[in-house]
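Here are some comments for you to read alongside the model, with the sequence and the 3D view open together. They take up helix packing and then the surroundings of the ligand.

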Amino acid sequence: MEGDAARAFDEVHRRLAPLLDRAGPERAVLAGRLESCFPQLFAAVLPLYGHRWDFAWQLEAVLRTALEAALARPARLVVRDAERRPDWIRESGQIGAMGYVDRFAGSITGLFDRLPHLEHLGVTYLHLMPLFAVPDGPNDGGYAVSSYREVAPRLGSMEQLAALADELHERGMALVLDFVLNHTADDHAWAEAAKAGDPAMQAFYWMFDARGEVEPFARNLRQIFPDRGGDAFVRRDDVAGGKWVWSTFYPFQWDLNYTNPEVLRAILGEMLFLANQGVDVLRLDAVPFLWKKAGTSCENLPEAHLVVRALNAAASIAAPSLVFKSEAIVHPDEVARYVRVDECRLSYNPLLMCSLWDALATRDTRHLRDVLARRFHTAEGTAWVNYLRCHDDIGWGMANEDMTVLGIDPEGHRRFLNGFYTGRFPGSFARGLPFQENPRTGDCRVSGTCAALAGLEQAEEQGDATLVELAVRRIVLLHGLVYTMGGIPLLYLGDEIAQPNDPTYTSRPAEAADNRWVHRPYFDDARRQRALAEPATPEGRVLAALVRLKKLRQTEPALAVGPLELLALEQRYTIAFRKRAQGRSLTVIGNLSEHWVDLDAEALGPGPFLELWGGQSFDPDRHHSLEPYGLLILARDG
Ligand code: OTU
């Protein structure tokens, strides 16, 4: 360390010595981590808070919070920190699954009974949707958090959650939880104190006395949930003095004010409390919004990255095996900027998600190939979480400039995709619902389960065996691609048994106004049992395919994160890529159309190949074509 950082470190190190002493035999290790993480922390907080008279005190307070959490870390997690392979997130054997505790298993206790199902799927990364205490009534599916330290009583308790983490670890699974750090619920203790008039707590949020003060911000903001009406500022007369409160999402979600260093420190305390329960990965919700500056879009500002880097450095001191996953559903350039070892080692890959659906609708893989060629690589130590859909809507987050280069009109194309996936476009197989259609901008996103979007729901309704066949193949193909390209594939629980949309949300008042609930169905255990007992049913075929994909991931190191070479096979309908590891290559070919396509044996290169998907030998000179929505996974030495 040099210069200001070194001087600051010496000072703070001296002041923290008594705290370090409490680590006993672990002192040297902890002091070492403090020293190695300090430069990153300092570089992040200096531009954020360096202008403040109390900067040195604030910096020390952040470090104190980190060290106290380190001292409180349970011994078994300290062992886990030491044993965890740092690059586990890039390994081929990783498979993710996500779901709501109540909908998947009733409660945390119920989840223990579902572990065999998760093992059957090879799950090593279990993302449970927000399970914290929330307000009664609408709470945005748990994304309005009333307390980060309490589990919603109907789901269980913090002790049960910690016990679940232990059990998952025993079985080789990581626990992934949401950390909703952009906002709290309007009944969080901080918000309640703010309402009661505590100025320190009002300073935790963005609160304004007069509407006029809001305008310099409001002018440039995107409406995230246009259905709510108005903009991101709500008048709250229940806050002492009457205030305009910033709420980017729903009015009951109040944005935290990270220009206040006390907020950073408080949130760090909540985060490390969760890490010490045994959480392995924290999904940082809504990271783009963490910093606000008048006159800007208040999304993806450089300071938002610094906030994440500061938290990352502090967490590395206290809980070194904790991994951050970023949730940024924005322009692909911006999404990629969060994917760094010193910010979020994992990130959703929303671009891949929407380009897969794009290719499926258009029967044209140009954009998908472009994404894989230019926007798929991530730095050492990082990985994508690749998914087909999550608990949120699908938004068409491709880069306009990428589409324009390909001769695609971005606006018209998005209109087409929305029309296609909501079933309005003639000939569409999809059964999605339009989400947050914005009449002002024409913008719209899509809700729906994988089966509904891929055509199974429509095909079954029509009782047409040919259409059912095509739909099943689409579902299998999409998952096949996501499982083979490298990164953690993330399954939305229920999709492995091809669950259809669940329209019953309209009868539940807290859900009726938000159609994302249509694709968060209650897990259908009868369907799972049928899938096992009757492998020829659509659900049986999808489940069996996922189990085969699991085996591939467990046995083929080439499926880990690593270079991906695109092959020029028959191009328009197909995607073909090759990955290599340990002297073996895997070539994956998918046909995203209902047409037979010719395969160009030359482009495949010399065999012999073993086709792992169907389990047969594959001779490129004899097998010239790929069936509708077909998938081939060809293994070869070298
Ligand atoms: C996230 O999504 C969550 O995934 C949603 O379920 C929540 O409602 C929301 O935050 C508020 O907590 O706009 O449509 O760039 O796009 O944070 C979903 C990130 C969202 C945002 C994203 C947000």
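1. In these comments, two residues are said to be in contact when heavy atoms of theirs lie within 4.5 Å. Please keep in mind throughout that this is a predicted model.

2. The geometry of the pair can be stated briefly, since two packed helices are described by the angle between their axes and the distance between the axes. H14 covers residues 350–362 and H15 covers residues 366–374, and their axes come within 8 Å and cross at roughly 155°. Angles over 145 degrees count as roughly antiparallel, and therefore H14 is roughly antiparallel to H15. The crossing of these two helices is left-handed.

3. Next, consider helix H20 (residues 465–484) and helix H22 (residues 538–555), which pack at an angle of about 20° with their axes 10 Å apart. This angle makes H20 roughly parallel to H22, and H20 passes H22 in a right-handed crossing. On the H20 side the contact includes Val-468, Val-472 and Ile-475, while on the H22 side it includes Val-542, Leu-546 and Leu-549. Which classes of residue make up the contact of H20 with H22? There are 10 nonpolar, 2 polar and 4 charged residues, with Glu-469 of H20 and Arg-541 of H22 among the residues that meet.

4. Helix H2 (residues 27–49) and helix H3 (residues 55–72) pack at an angle of about 140°, and their axes are 11 Å apart. The crossing of H2 and H3 is right-handed. The contact draws on residues of H2 including Leu-30, Phe-38 and Tyr-49, and on residues of H3 including Phe-55, Val-62 and Ala-70. By class, the contact of H2 with H3 has 15 nonpolar residues, no polar ones and no charged ones.

5. Finally, turn to the ligand, which is surrounded by 21 residues, the closest being Asp-140, Arg-283, Asp-285, Glu-327 and Asp-392.

Note on methods: Residues numbered from 1 in each chain as written. Predicted model: local features only at pLDDT ≥ 70, side-chain atom pairs only at ≥ 80, totals over all residues. Heavy atoms only, no water. Axes fitted to C-alpha atoms, helices over the stretch in contact; angles between N-to-C directions. Helix = DSSP H or I, 4+ residues; strand = E, 2+ residues; numbered from the N terminus. Parallel < 35°, antiparallel > 145°, perpendicular 65-115°, else oblique. Left-handed = near helix turned anticlockwise from the far one by under 90°. Nonpolar A, V, L, I, M, F, W, Y, C, P; charged D, E, K, R; others polar. Near = heavy atom within 4 Å.
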